[in-house]
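Please open the model in the viewer and follow the stops below in order. Each stop gives a selection and then describes what is found there.

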Amino acid sequence: MISAKMQDALNEQVNKEFFSAYMYLAMSAYCNTLGLPGFAHWMRMQYEEEIMHVTKMYDYIMDQGGEVNLMAIEQPEKEYGTPLAIFEKTLEHEQYVTNLIHRLMDLAVEERDYATQTFLQWYVTEQVEEEANVNDIVSPLRMVGEDKGGLMMIDQQLSGRLAPTPLTA
Ligand code: FEO
């Protein structure tokens, strides 16, 4: 079982993960309007990844006999600027999420909640990967700048992103 405080904090994080999904779906739509289908695909896969993060946390709250409390999801912006600005915003957002996960871990440590610490470790590792993946896209985007040929090449690469591996029940 988990404490009411831990349960509330995890429910807050479920909401933040839902917002991440919502924002990446908005970014996907925006990339389509820019005529960048590979970027749009990458963001769509990122949306699916975030839904997986939500589901995993939802299941954990349930498994611990907790109460899931689904809250209103903040409305994401519609426009995100240049392709580079989109990924800079993505990096900034993932750094923000990393910080949220670390704060959750602080709470689990404070509460001597060993099960939740183990559970959250997956997210700590996942965030390292999330930030690295985005950094790997920000760097070439900085290099190509406004060059259309370069952007088309990156668009082609992003179109190859695979769907996230489904969770095992
Ligand atoms: Fe759920 Fe992208 O962190």
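The model is predicted: local features need pLDDT of at least 70, side-chain atom pairs count only at pLDDT 80 or more, and totals for chains, interfaces and linings use all residues. Residues are numbered from 1 along each chain as its sequence is written, and side-chain values use heavy atoms, with hydrogens and water left out.

Next, colour the charged side chains. The protein chain carries 11 positive and 27 negative side chains (Lys and Arg count as positive, Asp and Glu as negative; His and the chain ends are not counted). The centres of the two sets lie 3 Å apart, with each charge placed at NZ of Lys, CZ of Arg, CG of Asp or CD of Glu.

Switch to a cartoon view. Five helices and zero strands make up the secondary structure (DSSP runs, numbered from the N terminus: helices are H or I of at least four residues, strands E of at least two). The C-alpha trace spans about 55 × 25 × 25 Å along its principal axes.

Now select Ser 20, in helix H1 (residues 4–33). Is Ser 20 buried or exposed? Its relative accessibility is 1%, so Ser 20 counts as buried (under 20% relative accessible area; exposed is over 50%, partly exposed in between, with a 1.4 Å probe and protein chains only). Finally, show Glu 50, His 93 and Val 97: leaving aside neighbours within four places in sequence, these are the residues in contact with Ser 20 (heavy atoms within 4.5 Å).
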